[in-house]
Amino acid sequence: MIPAKHLLPLLCVSLLLGACSTSNTSKQFIVVPPSESQIESSVKEQVSLALNAFTPVAGQALPNNTVLQAYEARGYEPIWIQDKKINMSIYKLVDILEQSLSQGLNPIHYHTGIIKEYLALKQPTPQQLAEMDVISTIALNSYAHDISNGRYEPQLIDPNWQLDAPSNNWKDLLYIDSATDMVNSLQLLSPRSPQYQVLQKWLVYYQDLAAKESDIFVNAGVPLSLGDTGPRVAQLRARLVQLGDIRFSTRKVNEEQFDSRLKESLMRFQRRHHLTADGAAGSRTIEMLNVPLETRAKQIAYNLERWRWLPSELEANRVWVDLTNYTVDMHLNGELTSMKAVIGRPDRKTPVFKGLMTYMVTNPTWRVPHRIARENLLPKLQADPNYLVKHGYKVFSSWSIGAKELDSTKINWKAISEDKLAFRFEQEPDEGNALGQYKFMFPNKNEIYLHDTPAKHLFRESDRAFSSGCVRLENPVEFAREITKGSKQLNAMNSSLKNKSNTVISLPTYIPVYLVYFTVVPNANGMLEFRNDVYERDALMEEAMGYSPFRARDSI
């Protein structure tokens, strides 16, 4: 048992020590006095002690049990000390951990200060070497987990975020023979999506820019447009240069003249911020221009974490419901087909999750979910007892299979409260049916699916959060054809549509469906799109991922 007096300095150092110099990484750290058996004995004692001291706080993943298992598997031999020398890869590890900010992670979580303090000791004791070994392994393990799976538990941040597809590849890292290979393998654990890689490069750009330059803001005032002149035009031009929308040119320009090239650059900025691309700097455009670089860097970091919650490799064939873009992208057989979508309104958010599309229904009957019946249908019935008849609904006594159909005009709807509503409502297939002609099913606990809609006018809107949670498709006919192409199910679908029959059609191939939410996304040109945070999820990320140092007197 390690005396308590040794624990206090360890914890204090972990909380308070700043970075120490490791510039002389070429030297060989010679360990003379301690024997290997002494170090191994100390490692065994330090594992449980250090694991308790460096366990992440609530809301973050807890990968440290894998450290204990890895040391047990190697008979508590040290990882970072070989032949009485500290393995030089530990210095590379410290460099990687200190650069974790460039991945949207926080170096404070990886104990770099305390590791460097141990490395600076001239004559470390067996206990100090053991402490260094275990804490370095904890740091390696935590970073491997975080860069692979994300540091935070998504559902603890947002209950509507149900897409968490963890990988176990990071656990294999500690079973590699050499520390050098462990460190070199870290780079293989981050998400392989090109979008993640582009986002990560932009994060570094914004971080470096924010550190080196002050934000160039455009002063408030009347809208700026083609032909205007003055210092605010110069501010606009300089800000667009700073953000990368105007590329460096040797061509001489009048900085205070709003010319056609400035208009084109401003339109690029507007498009990638989902603004009306009119080439004029109105109040909304200036508001977006004036978002600080540091704030944009944080937004990118939130979205890197969201990518880490996805599988490291995505299926080649998949349906990608991009909630913040209000689109559905079909990646099938090497081709991409995209269409507009309507998603859940902010008070009925479409959740983020993954499903498997297994069947579709033509000319579907709409069985109204409990919540919609209580919140939408009941008030309409209380105002008009004939509402169900007018809109093609049937009402049944209960949700049981043999429930009796009732005459809706003979029910006193005003006497029924929301919590007492137990009827089942069904809307028959017709032109006014809320589901249209198609329903595409990927069974899930949220009762979310893709479907047709008679409300085609909503697709003319730029922001399309109007549904009760399910996703409405702009072109369900094309969607249905793509998922049944070249199969007998395509003929069955066409026949059922012709006969106007309610038909369940199993898909020839089951298709993964991702409902995803990103507020920063690289566009086709490699520039960043900053999207409207329609469900205000970035604020939840800020609360979870934000780090502020506290004063010693504020701690327990």
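Biologist: Hi! Is His109 buried or exposed?
Modeller: His109 counts as buried because its relative accessibility is 16%, where buried means under 20% relative accessible area, exposed over 50% and partly exposed in between (1.4 Å probe, protein chains only). This is a predicted model, in which local features need pLDDT of at least 70, side-chain atom pairs count only at pLDDT 80 or more, and totals for chains, interfaces and linings use all residues. Residues are numbered from 1 along each chain as its sequence is written, and side-chain values use heavy atoms, leaving out hydrogens and water.

Biologist: Thanks! Where is His109 found?
Modeller: His109 sits in the loop between H4 and H5; helices (H or I, at least four residues) and strands (E, at least two) are DSSP runs numbered from the N terminus.

Biologist: And what does the side chain of His109 make a polar contact with?
Modeller: The partner is the side chain of Arg151, at 3.1 Å. A polar contact is a pair of N or O atoms within 3.5 Å, and within protein one must be able to donate a hydrogen and the other to accept it; residues adjacent in sequence count only if both atoms are side-chain atoms.

Biologist: Which residues of helix H4 are buried?
Modeller: In H4 (residues 89-98), they are Ser89, Ile90, Tyr91, Leu93, Val94 and Leu97. Their cover includes strand E2 (85-86) and helices H5 (112-119), H6 (126-149) and H8 (179-185), going by contact, meaning heavy atoms within 4.5 Å.

Biologist: New topic: how many bridges pair E4 with E5?
Modeller: Six, with E4 (residues 327-332) and E5 (residues 335-344) paired in the antiparallel sense. Two strands pair if DSSP finds at least two bridges between them. One of the bridge pairs is His331 with Leu336 in E5.

Biologist: What about the hairpin of E4 and E5?
Modeller: Two residues lie between the strands, and Asn333 takes a positive phi near 55°.

Biologist: Which way does E5 run relative to E14, parallel or antiparallel?
Modeller: E5 and E14 (residues 471-473) run antiparallel, joined by two bridges, and Ala341 stands opposite Leu473 in E14. With E13 (residues 465-467), E5 runs parallel, again over two bridges. There, Ile343 has Ala465 as its bridge partner.
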